[in-house]
Amino acid sequence: METMDLLLRGVTVVDPGPDRVVVRPGCDIAIRGPTIVAVEPTGHLDPAVARRVLEGAGMVAMPGLINLHAHAAMVLFRGTAEDVPLEEWFNNYIWAMEASLTPEDIYWGALLAAVEMIEGGITTVADHYFEMDRVAQAFAEAGLRAHLAWTMFGQQPAEELERAAGFAARWHGAAEGRIRVWLGPHAPYTCSLDFLQAVAREARRLGLGCHIHVAETAEQVTASRQRHGLTPIQVLERAGLMAQPLLCAHAAHVTPQDIVLMAAHRVGVAHCPKTFLKLAAGIAPVVAMREAGIPVGLGTDGAASNNTLDLWEQMRLAALLQKHERRDARALPLHEALWMATGEGARVLGEEGRLGRLQPGYLADLILIRLDGAHVQPLHRLEAALVYAVRASDVDTVIVNGRVVMAHRQLLTVDKEEILRQARERAGRLAQRAGGRRVQTYSL
């Protein structure tokens, strides 16, 4: 075999698929550049031709987790808005605190989020926020793969669209191809129909998809029907946003008619169950959407609304809540939960065939997981352990684009202690909500 840049030896390969999870004990994984070039039984690949060898005996190798919806820099607001309804959460806390954010705050917040995500086995994130040049810089330095959208409210339509287009020109395809850009209108309840139509035209001109919040609460759906005579999903279709790839965050209150409409277009969903629970917003009909053929992956949302960027937690909540809501223990079984966290997330991002599988030809975004914790043993069924027992702290090693960014819990790309120091220094000022300003007002 030709020279390998990296060889993982003796791992148990877990490769989720849409219909089943393939488990292959005793395998080696060969990586050249950013790509997996071979997955073979241990002993079939010669370690002498590998530039670096990582021993993985006793560990699981699986695709890196894909976080489909986050506001990374909001880790700076973790724990500041607790036990309050959504309108108060936005108006009295989040949008008031965000008015004080500086680009440097956002850079250090994004780095803190990158540390948490890497340590938890997330290799790709779709982020939706402000000052996205600084977020892109942070993720590029940390080694993450990211799909980034600059939040737009349409308060200054021409300027916001020009800024988003400039961001795309600077960063789409940057960082060895790890950074991709989407347009980020905030939501149909904060953006006018005229502005959403302008975003759709710009998305077509630039050849980009859109990432938007939609149908988060039942009240939003009612207000949309009163204002437009349409559900929020129907507003997106009327605006032309479904002509390009569309990532819908939340979609907790889509109707059966909405589901038919979404399935007929290039629409994917980021399901963030912990946020729904914490803000008492309701639970998305995940099984119904997936049965209709809509790809549904998992997102953490921002740490201000659920306190962690732990996708393992989101995965088990997703499975448990669908069982509860449908009163059927067979709903969202193990293989579907694992697929949602990996390959189906790739499908939502238009990255199927490149991400989300441990197969030759796929990008080398993968993680190694330890299974020696008391909370995992004894190990009767590996898929059950991964969905219901494994913790973020069990992730041992993380590889993105063929590069080891964490080895044996040691971060190799960023200075964790400096990032923590910077975050602590900024947190107190941001929590003051000084000046009585808001970036937007939540009103239906």
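Helices are DSSP runs of at least four residues, numbered from the N terminus, and in this predicted model Ala 385 has its place in one of them, helix H15, which comprises residues 382-388. Ala 385 has a relative accessible area of 5%, and because a residue under 20% is classed as buried, Ala 385 belongs to that class. When residues up to four places away in sequence are set aside, Ala 385 touches Val 376, Leu 379 and Val 390.

Helix H6, formed by residues 218-228, has Gln 220, Val 221, Ala 223 and Ser 224 as its buried residues. Viewed down the axis of H6, these buried residues fall within an arc of 165 degrees, so that they line one face of the helix. In general, an α-helix has 3.6 residues a turn, and residues three or four places apart therefore point the same way. The packing partners of the buried residues of H6 are helix H1 (86-98) and helix H7 (232-239), whereas the face of H6 turned away from its buried side carries Glu 219 and Gln 226, both of them exposed. After H6 comes Gly 229, for which phi is positive, near 70 degrees.

The packing of two helices is described by the angle between their axes and by the distance between the axes. For helix H2 (residues 103-119) and helix H16 (residues 416-430), the axes come within 9 Å and cross at roughly 130 degrees, an angle that makes H2 oblique to H16. The crossing of H2 and H16 is left-handed. On the side of H2, the contact is made by Glu 104, Asp 105, Trp 108, Leu 111, Leu 112, Val 115 and Glu 119, while H16 contributes Lys 416, Glu 418, Ile 419, Leu 420, Gln 422, Ala 423, Arg 426, Arg 429 and Leu 430. By residue class, the contact of H2 with H16 divides into eight nonpolar, one polar and seven charged residues.

Notes: Residues numbered from 1 in each chain as written. Predicted model: local features only at pLDDT ≥ 70, side-chain atom pairs only at ≥ 80, totals over all residues. Heavy atoms only, no water. Buried < 20%, exposed > 50% of the residue type's maximum accessible area, 1.4 Å probe, protein only. Helix = DSSP H or I, 4+ residues; strand = E, 2+ residues; numbered from the N terminus. Arc of directions from axis to C-beta. Contact = heavy atoms within 4.5 Å. Axes fitted to C-alpha atoms, helices over the stretch in contact; angles between N-to-C directions. Parallel < 35°, antiparallel > 145°, perpendicular 65-115°, else oblique. Left-handed = near helix turned anticlockwise from the far one by under 90°. Nonpolar A, V, L, I, M, F, W, Y, C, P; charged D, E, K, R; others polar.
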